[in-house]
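Thanks for coming. I will go through some helix packing and one metal site. Please have the model open.

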Amino acid sequence: MNETCIDCNPSQSLRVPVSEPLAVLAARAGCALEHSIQRCTLASDQNLGHLEMQAAQDVQDLLRAALERGAQAKADATPPLCPVCQQKLTRLSAGQPRTFETRYGTITVQRTRGYCKRCRKWRVPADTALGLEESAGYSPAVQEMAALLASKMPVEDASAVLEHLTGVKVPRATLDREARRQGERAQAVRTELDRQAATQKPQLELTLEPYQMIIQMDAWNIRERDGWGQSAALRRQGQEPERWHWVYTGTVFRLDHRGHTAGGRAVISERGFVATRQGIDALREQLHAEALRRGLGQAASALVIGDGAVWIWRLADDRFPQARQRLDFYHAVQHLAAVGRALFGEDKEKYRAWLKPLLQQLKNGSSIKVIQQLEEALAQMPGGTAEQAVAREVAYFHEHQARMDYRAGRRAGEPIGSGPVEATCRQTQCRFKRPGQFWSKRGDEALLCLEMFWRNDRWHLLFPHTTFNPAKN
Ligand SMILES: [Zn+2]
């Protein structure tokens, strides 16, 4: 046995009384580490991975004891004031234990409870000081891990991944609840941030170059199980149960924040994201607040890009009335192609020969010419479904004619497509639209909200203990 060893037995997990000084625990951990190093060196079937895992175990109890003592010291130092109104609490009762999971194991803290006469509520100020208020029994670091994992992967995976990587055991159902709780807290923070953005006067920054704001919107749908088991009853009342619901999504960025990586890949260096299941009104307010935070107030001009969906343009007229509007070029192309198919059916050669010059005219901003040709084609068609289809497309092009200034857009270096928001939709769907997944309205909004805090680099506003910035990593 090593000379520095003080009564350690590395083969057993160290279960130590709380009263032992940290220095003793540290010496014990150091000693266990020495043993682990020796064992790893001598064992031909162990590599560095074995030592990495063992070393973490060797110091676990030291860290757990340190957390317990730190938590107790902070609880003891917390003045008996109401955390909400700062009023002095009355009817104090000390020694109220609370046990919870931390990053390094279970700890128990004794706190003081008191009554706030102003709020007419019992309060435990130490819980607020420790960051335990809005959790079922998890420390802030574990709350964060549950929130992050559940917003990135299905909860059954999240629970296993969490335990494997950190040793923290949070059962699947508990992890689900904890993540939702954090998501609901995130929604409250979002509401407050949006309120601030909408009411604060924009800071008049000295912007060196006038810039343009790009705003894009799209929607995708999510499957929910609200009213599960009531389908038959609903149908009897003549109602078809609706399982699919829209998630409204938007992105906003400054045109001068668009660039390319060294490898030539297109990137946007700073970008705001919004996704909500709470309807178009919610998107309108959230997207407007996000645009303000990203500099809409100081922008020289703004441009809204989207597909043909009516709600996009209504929202744009309503909330971004100064902004120019542009129909996503690729959606316009799809509608031209639909006309081509109605006119030429299976004749691919004729279809291509017809489409090519029209695409060129569309790209060159001659939407008037395109519409003229569509109208001529329509006039020569006999009635029937094909004619109706073409008539619908002609109406579509008339409707969006003012939004098809593609040549001017390209010359100004502006995007003519809504690729960025479509990519955002695809990425979120990878998490929220997996086979066999059903959501509840409450649950999906909570997790969507967490995901947007992450994407918008505001994770630290929910979990102030972390300085991690996903955009810079
Ligand atoms: Zn109070």
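A crossing is called left-handed if the near helix is turned anticlockwise from the far one by less than a right angle, and right-handed if clockwise. This is a predicted model, so local features need pLDDT of at least 70 and side-chain atom pairs count only at pLDDT 80 or more, while totals for chains, interfaces and linings use all residues. Residues are numbered from 1 along each chain as its sequence is written, and side-chain values use heavy atoms, with hydrogens and water left out.

Helices (H or I, at least four residues) and strands (E, at least two) are DSSP runs, numbered from the N terminus. Axes are lines fitted to C-alpha atoms, for helices over the stretch in contact, and angles run from 0 to 180 degrees between N-to-C directions. Angles under 35 degrees count as roughly parallel, over 145 as roughly antiparallel, 65 to 115 as roughly perpendicular, and the rest as oblique.

Start with helix 6 (residues 172-199) and helix 8 (residues 280-293): their axes come within 9 Å and cross at roughly 60°. That makes helix 6 oblique to helix 8, and the crossing is left-handed. The contact (heavy atoms within 4.5 Å) involves R190, L193, D194, A197 and A198 of helix 6 and Q286, A289, L292 and R293 of helix 8.

Helix 6 also packs with helix 5 (residues 155-166), at an angle of about 105° and with the axes 9 Å apart. Helix 5 and helix 6 are therefore roughly perpendicular to each other. From helix 5 the contact takes V155, E156, A158, S159 and L162, and from helix 6 R172, L175 and D176.

Next, helix 12 (residues 367-379) and helix 13 (residues 385-400), whose axes come within 10 Å and cross at roughly 160°. They are therefore roughly antiparallel, and helix 12 passes helix 13 in a left-handed crossing. I371, L374, E375 and L378 of helix 12 meet E387, V390, A391, V394, F397 and H398 of helix 13.

Last, the metal. What coordinates the zinc ion? The SG atoms of C82, C85, C116 and C119 do, at 2.1 to 2.3 Å. Donors are N, O and S atoms within 2.8 Å of the metal (3.2 Å for Na, K and Ca). Angles among the four donor atoms run from 97 to 117°, and the site is tetrahedral, a label for four donors with all angles between 85 and 135 degrees. The donor spacing in sequence is C-x2-C-x30-C-x2-C.

Definitions and conventions
Four donors count as tetrahedral if all angles lie between 85 and 135 degrees; four count as square planar and six as octahedral if opposite donors are over 155 degrees apart and all others between 65 and 115; anything else is irregular.
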